[in-house]
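Trainee: I'm new to this one. Could you walk me through how to read it, feature by feature?
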Amino acid sequence: SVRLCRLVCVMLVAGVCAHAEQLDACVADFWAWARETRLMKWDTFEPALVMTVFTIFLLSWQSIDLGRWGSHAWSARYRLQPGGPEGKTHAEHSRKIWKAEGYGAQEFLLYLVPLLAFDWLYPRRVLPTQAPTVAGMAAEVLGTLVLYDALFTASHTVMHGVPWLFKRVHAKHHLHRHVRAREIFRLSAPEEVADTGCSILALTLTRAHPLSRAVYNVVIVFLLCEIHSGYDMPWQLCNVVPGGVVMGSRQHVEHHATGRGAYAKFFSFLDIGAAGRR
């Protein structure tokens with residue numbers, strides 16, 4: 001239940017606060033080791049991390065949608081859209097959505113290759129000696145998420161408010177009203193560049209520690225897959241955090257179904273004035 005999940009989260013936060021000094025020491029030891037590794041020194045570490053975690057999380061949601069390992073037995077109760085369009089079953093529509101369509105190649109060509117080339121031509125990754133504290137990492141990750149969502153909300157609102165932009169840039173993302181996590185890759189080339197730019201700009205402005213940046217990349221990929229999953233599970237952040245502050249898959253499914261509201265991805269307080277727009 002949601003109450004149980006909230007209780008577990010409160011206990012985890014309390015435990016972290018109670019052992020902050022020990023955890024900070026562990027982070028410092030980890031960073032002293034990690035900053036000397038070739039992987040962490042690699043200029044393209046962050047884009048490679050993003051693609052890796054995208055693969056892991058998308059394969060996990062694919063397994064749930066396709067009923068692998070008996071997932072249909074427990075996941076069906078959490079589906080926001082039990083069936084598919086035009087009388088199709090959930091399984092039939094899921095098989096169609098998860099069919100290979102070349103989006104992985106687009107991600108590689110439009111996201112990873114340009115960054116690989118830029119990092120090769122302009123190596124610049126400098127790792128600080130000092131490690132962040134756990135509280136500092138949490139603040140930097142949260143602050144970057146909020147800033148990213150504010151930038152994305154502005155661009156997303158414009159895409160819906162200007163008809164020719166919607167048609168030429170954003171309509172591809174709204175191809176299916178019954179969504180799956182795979183939809184996160186259903187983007188036109190200009191929209192993919194804009195969305196990636198919002199994240200890069202947010203990270204640049206917050207000037208977060210490299211370790212905080214790595215955690216942010218994992219968290220934002222997880223949340224992006226989750227809000228497009230079509231499932232509303234009690235342990236999701238939108239349900240655990242009270243007061244409707246955090247938006248989740250329920251709002252995003254409604255957005256894909258109607259084209260209105262929920263122009264922010266994660267935070268409802270950024271979604272001011274969204275109602276009534278397309």
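Mentor: Happy to. Let's begin with the element names: helices (H or I, at least four residues) and strands (E, at least two) are DSSP runs, numbered from the N terminus. This is a predicted model, in which local features need pLDDT of at least 70 and side-chain atom pairs count only at pLDDT 80 or more, while totals for chains, interfaces and linings use all residues. Residues are numbered from 1 along each chain as its sequence is written, and side-chain values use heavy atoms, with hydrogens and water left out.

Trainee: Then where is Gln-81 found?

Mentor: Gln-81 sits in the loop between α5 (72–75) and α6 (90–97).

Trainee: And is Gln-81 buried or exposed?

Mentor: Buried means under 20% relative accessible area, exposed over 50%, and partly exposed in between (1.4 Å probe, protein chains only). Gln-81 has 12% relative accessibility, so it counts as buried.

Trainee: Which residues does Gln-81 touch?

Mentor: Contact means heavy atoms within 4.5 Å. Not counting residues up to four places away in sequence, Gln-81 touches His-90, Arg-177, His-178, Val-179, Gly-230 and Val-253. Polar contacts have their own rule: a pair of N or O atoms within 3.5 Å, where, within protein, one must be able to donate a hydrogen and the other to accept it, and residues adjacent in sequence count only if both atoms are side-chain atoms. The side chain of Gln-81 reaches the backbone oxygen of Arg-177 at 2.9 Å, and a polar atom of that side chain lies 3.2 Å from the backbone nitrogen of Val-179.

Trainee: Val-253 was in that contact list. Which residues of α13 are buried?

Mentor: In α13 the buried ones are Ser-249, His-252, Val-253, His-255 and His-256. Looking down the axis of α13, these buried residues fall within an arc of 155°, so they line one face of the helix. The arc is that of the directions from the helix axis to the C-beta atoms. As for partners, the buried residues of α13 pack against α8 (134–161), α9 (163–170) and α11.

Trainee: What about the backbone angle phi?

Mentor: Most residues other than glycine have a negative phi. Here, α13 is followed by Gly-259, whose phi is positive, near 75°. Ala-262, in the segment after α13 (249–258), has a positive phi of about 50° although it is not a glycine. Ala-262 counts as buried because its relative accessible area is 10%. Arg-207 is another non-glycine with a positive phi, about 55°. Arg-207 is found in the loop between α10 (189–206) and α11 (210–227), and its 72% relative accessibility is why it counts as exposed.

Trainee: How do I spot a salt bridge?

Mentor: Side chains of opposite charge can pair when their charged atoms come close. The rule here asks for a side-chain nitrogen of Lys or Arg within 4 Å of a carboxyl oxygen of Asp or Glu.

Trainee: How many salt bridges does the count come to by this rule?

Mentor: The count is 8 salt bridges. One of them joins Arg-180 to Asp-65, with the closest N and O atoms 4.0 Å apart. That pair links distant parts of the chain: Arg-180 is in the loop between α9 and α10, Asp-65 is in helix α4 (residues 45–65), and they are 115 residues apart. Both Arg-180 and Asp-65 are buried. Another pairs Arg-186 with Glu-183 (2.7 Å, N to O), and those two residues are buried as well. Salt bridges that share partners also join Arg-35, Glu-36 and Lys-41 into one network.

Trainee: What can you tell me about Lys-41 itself?

Mentor: Lys-41 is in helix α3 (residues 38–41), and its side chain meets that of Glu-36 in a salt bridge (3.7 Å, N to O). Because its relative accessibility is 42%, Lys-41 counts as partly exposed. Glu-36, at 47%, is partly exposed too. Leaving aside neighbours within four places in sequence, Lys-41 is in contact with Arg-35, Glu-36, Arg-125 and Leu-127. Lys-41 and Arg-125 are 84 residues apart along the chain, yet their C-alpha atoms are separated by 6.7 Å.
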